[in-house]
Amino acid sequence: MSKRPLSLAELAPLVQATPPDFPEIWSQIAASLYSCMFQEMNADRAEQQLQQRELMLIARMSIQLTISLANDIGGDTVYIPVGHYMRAGETARKVITAFRGNNHQQVAQDLGITVSRVRQILREYQRSEFEKRQGQLTLD
């Protein structure tokens, strides 16, 4: 799911629940967690908005998760990868599933990537499948 920035009104419950002495980086983490939970919970609803009680629960959970992260890994230098490889794998799966033998252009257009990238993903997939099969051959 793609995250959109929340409005100030949507962030109000988090702002209200955030302790005044919360470090700035903790506020950023809590806001990211809150945004994700807010949007996931809203995605399951048609027109019905989240209730104030639910919004406050999401805000409290975001703050508690942030404090928990700070307790678990605070003080360490932690690198959090952006996740390009995870997304690349997801894109590759979509290409492989959508490809029908002659629809490179359509797959590229549907997924917002270049035809060249579609071909590259398919080559890598075919190579990996070939290597899997070849690895099973006995050379007696």
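The protein exposes about 10,700 Å², and carbon and sulfur atoms supply 55% of that area; accessible areas come from the Shrake-Rupley method with a 1.4 Å probe, and for residues only the protein chains shown count as cover. This is a predicted model, in which local features need pLDDT of at least 70 and side-chain atom pairs count only at pLDDT 80 or more, while totals for chains, interfaces and linings use all residues. Residues are numbered from 1 along each chain as its sequence is written, and side-chain values use heavy atoms, with hydrogens and water left out.

**Overall form**

- The protein contains six helices and zero strands; helices (H or I, at least four residues) and strands (E, at least two) are DSSP runs, numbered from the N terminus.
- In sequence order, the pattern is α-α-α-α-α-α.
- The radius of gyration of the protein is 22 Å, whereas a compact globule of 140 residues would have a value near 14 Å. This radius is taken over C-alpha atoms, and the globule rule is 2.2 Å times the number of residues to the power 0.38.
- The C-alpha trace spans about 70 × 40 × 25 Å along its principal axes.

**Burial, contacts and charge**

- Of the 140 residues, 23% are buried (buried means under 20% relative accessible area, exposed over 50%, and partly exposed in between, with a 1.4 Å probe and protein chains only).
- Among contacts (heavy atoms within 4.5 Å) between residues at least 6 apart in sequence, 57% join residues at least 24 apart.
- The protein carries 15 positive and 15 negative side chains, and the centres of the two sets lie 8 Å apart. Lys and Arg count as positive and Asp and Glu as negative, while His and the chain ends are not counted; the place of a charge is taken as NZ of Lys, CZ of Arg, CG of Asp or CD of Glu.

**The largest nonpolar core**

- A nonpolar core is a set of buried Ala, Val, Leu, Ile, Met, Phe, Trp, Tyr and Cys residues joined through side-chain atoms within 4.5 Å.
- The largest such core has 12 residues in all, including Leu6, Phe22, Tyr34, Met37 and Ile63.
- Helix 2 (24-43) and helix 3 (52-73) are the elements that give two or more residues to this core.
- Leaving aside neighbours within four places in sequence, Tyr34 is in contact with several residues, among them Leu6, Pro13, Leu55 and Ser62.

**The second core**

- A second, separate core of eight residues includes Val95, Phe99, Val107 and Val118.
- Val95 is found in helix 4 (residues 84-98) and is buried, with a relative accessible area of 0%.
- Beyond neighbours within four places in sequence, the contacts of Val95 are Val107, Leu111, Ile113, Val118, Ile121 and Leu122.
- Val107 belongs to helix 5 (residues 104-111) and is buried as well, at a relative accessible area of 2%.
- Not counting residues up to four places away in sequence, Val107 touches Val95, Ala98, Phe99 and Val118.

**Helix 6 and distances between C-alpha atoms**

- Tyr125 lies in helix 6 (residues 115-135) and counts as partly exposed, at 35% relative accessibility.
- Ser128 also has its place in helix 6 and is partly exposed, with a relative accessible area of 29%.
- Tyr125 and Ile96 are 29 residues apart in sequence, and their C-alpha atoms are 7.9 Å apart.
- Ser128 and Ser62 are 66 residues apart along the chain, with 41 Å between their C-alpha atoms.
- Val95 and Glu10 are 85 residues apart along the chain, and their C-alpha atoms are separated by 36 Å.
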